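Subject: Structure handover

Hello,

Please find the structure below, with notes on what turned up in it.

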Amino acid sequence: MNTRQEKLLAFAFITPSIIAIGIFVYGFIGWSLRVSLSSWRGLLPDYTWAGLSNFIGLFQDRRFLIDIQNTLIFTIFFLAASLVIGLLLAILIDRIKWAGNLFRGVFLFPMAVSFIVTGVAWRWLMNPATGSRISGLNLLFDNLGLDFLINNWHTTAPPWGIAFVVIPAVWQMSGFTMALYLSGIQSIPAELRESAKMDGANEFQVFRYIILPLLNPVTLSAVIILGHISLKIFDLIVAMSGKDLRLDVPSIYMWTTTFDGNNFARGAAIGILMLLGVALLVVPYLIYTNRTEIDV
Amino acid sequence: MKSLKWISLLVLAGMLLAACAPAASPEGEAATGEVEVFSWWTAGGEADGLAAMQEVFSAEYPNLTFVNAAVAGGAGTNARAVLATRLSAGDPPSSWQGHAGQELIGTYVAAGQIEPLNDLYDQNGWLDVMPQTLIPLISQDGNIYSVPVNIHRANVMWYNPAVLEANGATVPATWDEFLTSAETLLANGVTPLAMGEQWTSMHLLETVLLGSLGADGYAGLWDGSTDWAGPEVTAALETFQQVLTYVNSDASTLSWDQAAQLVVDGDAAFTIMGDWADGFFVSLGLTPETDFGWAPAPGTDGLFQFLSDSFVLPVNAKNPEGAIAWLTVAGSKEGQEAFNPIKGSICARTDCDPALFDAYLQSAIADWNTDTVVGSLTHGVVANDAWKSEIDTALGLFLADGDVAAFQSALATACSSSGACQ
Amino acid sequence: MKARSLPRPGTLLVYALLIGFMLFYLLPIYLMFITGLKSFAEVNLRTMWNLPAGIQFDNFAAALERLLPNLINSLTLTIPAAIISSILGSLNGYVLSKWKFRGANLIFTLVLFGMFIPYQSVLIPLVQFMQRLGLYGGIPGLILVHVIYGIPITTLIFRNYYASVPGEVMAAARIDGADFLGIYRYIMIPLSLPGFVVVIIWQFTNIWNEFLFAVVLTNPANWPITVALNNLAGSQIVEWNVQMAGALLAAIPTLIVYVLLGRYFIRGLMAGALKG
């Protein structure tokens, strides 16, 4: 079999996925687009053409603008914290000989617990009451003499309240980031590290110049995975905020406007805008990374 | 390869398991007699009440199988989403729970998804036992669209008698009285009013609107006769803003029951919540009138701001005869007497035996028979889902920035987009 | 192999840090656990750190009773779906990273974009489409949906994983006469273990915990455990003690998967490839 035939075979193997994604992703996005350009406002489908009025309305909508701001703040903090903590945990676990399994299991466990219950537990932990009703982490800090850490958590005045919601999200997802980095680190041939050390490099230099660059593909995967969680995050925030508008994000607005308010057209418009926002960020990043991919 | 074989064996096992799993259920249950009832009553008093009513149903219709398709989620947010997808797929259940009033009429009747029930009412003589003020609110163009099972009251103020006594406060009859005593309470370290997450602030708002505008003014908001942009509404919203200054600062992080807990723990004096709070207090082992007391929300004495859970008959329902059977039980004296004492609400029917109900509910029954009845906003009586959703957004923005003028103008816009105002 | 060395002060620091992190990760779990042991009246923000009055597992028993009927649904859903989608991802990743036919990167980007689609925005067309396929209401339909929506992420992970396999390895295999399938079978799969571990951890967790598709695409008889867990809560008065007990129980199968797969984080797979 020559290379060309093999490439055709390769393409054939990937065709079912392409078709499936074509229907279940792009086909449905197409439906969503159609709805977003319509005036469907009620249980009965109504595809009357409404042009871009839903989209224009959203950009004049104070609530949607709050959503965008919250998403940006949340995403930046969430990505940064998860990557750093995930990488740190992976490095630490890689260096120990005992109890590696135990630590790994503990760090992964939060991901296994339902987002809704996690949200409620953290809502209790981050209760901002002080004085006689102090509870949660504030109470813990008080008992430990760490009074300076007591704060309003996620009820901090906008726009920073949403940054505190990053804490439970990182708690839940950094374990997986750690797993990604661990599998990446452990795939790096030991010979590379050994020969670098023999050349006189210290631990830090080995890390910075050998390991970290080789982890770039892992970081790419992690950024995309964490990014998609961040943009679609819903259950955690609803459980924590009780649909408080100050912590609103596009997915919550989409839900309440579609299923609580029956405004399918506006809900679809929000969905399309979310996807466009993603496309603007993800596509350039992918193009950039494709060009700089390391071929060992 | 060993691992490859192992993996393929697992996949095979998995597929065998999946093949043995129950397949999609067949359409048209008339032969098997299943009645699939959709609600959001999945736990606690709600589920127990539903179970009690189901027992009555099974006793009267032993050939019908009750399928409980309840999906939990505050105010049915998940259940309604599932329902919307099922309706879009043309697969309605036999019956579903919804709040009587515009939530049902403005959504499902407008989409032609539920059937009128006038014949059923005639057959069962319900027009004689259902309250006269209720029927118009669940009808459109003379067609009655749902069978109410219960009545809850929204405009109730709950308080802790011990806290009031310790602070020399009395139950306020108007919001001005409340604002006066609030200062004293605050000075003594007691939160005047306990409130919870965003929806409870809408609940508070509707009682403030009712208390400020009166029954007619309030009812006029929903049919366009009261001007949302007018001075009476401005005054009501300003009162609302003032009341909010006496609310616990961590309100947005508390659920309604955690806020109510503040009252019974002595941290707060009052809370405004529907009468399902009674069921909550009782479940904590508290004694009515000793550990907790109730009064109409300030300014609303003689007014009963109600909401009602009801069941409907879908167009193309699964097993229509079974659905009718369920509706008959839901509207019957037996069914409602089984359901309501456990659920913590009063019967929609006026002929239920008061002795079955606890102290608070008995007072509610008395009030229901004498008070002027208006509908709740938060719980779907006076405004349909779309309108309520716009009000909710406006309220959320107001809670964030405190701008009364912007709030009022957003409310006026919401009214005109809903079509009720010009 | 890492050279065996005596414990250094640095190692103590590492363990100290890990233990510190462990406390952070376990704190909420501890809270959920003690709440799960409390009676309804004891659940109160003020006393949330207090230990329960008596150790009684009533809530866990009640939760278990209500979750067990749906356990088999979740197992028949998650195990096949996780395995199939990881195999599919592995094949796709192999193709897209090692057989760069024209447009491979474009296809990868388009597939990847599918990850970002919010599930709630496709509910209605999905339900209608699944009905047309005759797969509405049962577990097989849900398996199909999760496999398809899992393609982007599994492909992403495997593609980037395989991309770091050195080109020499492929070249050497071809010199030995291996073709497309041969390279996959004899070179890629043995190297894939960490990749499969990560992907199965992810897919199992996500499919096991997923609520929206589960509740919308299946009939009550086929509801997975997430729907039962959600229903434990109640809508008006939420019994958090029972709910938290239930959530911890529902997380156990996933934890078992983590522990079982954890053993396969094997070091130095690549080392063998280079030497050989």
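How many salt bridges does the rule find across the interface of chain B and chain A? There are four. Please keep in mind that this is a predicted model. One salt bridge joins B:D250 to A:R133, with 3.0 Å between the closest N and O atoms. The rule also finds 12 residue pairs in polar contact across the interface of chain B and chain A, both residues being at pLDDT 80 or more.

On the side of chain B that touches chain A, the elements giving two or more residues are α3 (77–88), α4 (102–109), α11 (256–264) and α16 (385–401).

In terms of contact, 33 residues of chain B meet 27 residues of chain A. The two chains bury about 2600 Å² between them, with 51% of it on carbon and sulfur atoms. Within chain B, the residues that lose the most area to chain A are B:S252, B:T253 and B:L397, together 20% of what that side buries.

The other item is chain C, which is assigned domain 1 (1–56) and domain 2 (66–271). Their centres, taken over C-alpha atoms, are 30 Å apart. Between these domains of chain C, about 690 Å² is buried, 77% of it from carbon and sulfur atoms. The count of salt bridges between the two domains is zero, and the rule finds one residue pair in polar contact, both at pLDDT 80 or more.

Regards

Technical notes. Residues numbered from 1 in each chain as written. Chains lettered and ligands numbered in written order. Predicted model: local features only at pLDDT ≥ 70, side-chain atom pairs only at ≥ 80, totals over all residues. Heavy atoms only, no water. Contact = heavy atoms within 4.5 Å. Buried area = accessible area lost by both parts, 1.4 Å probe. Salt bridge = Lys/Arg side-chain N within 4 Å of Asp/Glu carboxyl O. Polar contact = N/O pair within 3.5 Å; in protein donor to acceptor, adjacent residues only side chain to side chain. Helix = DSSP H or I, 4+ residues; strand = E, 2+ residues; numbered from the N terminus. Domains from an automatic or database assignment.
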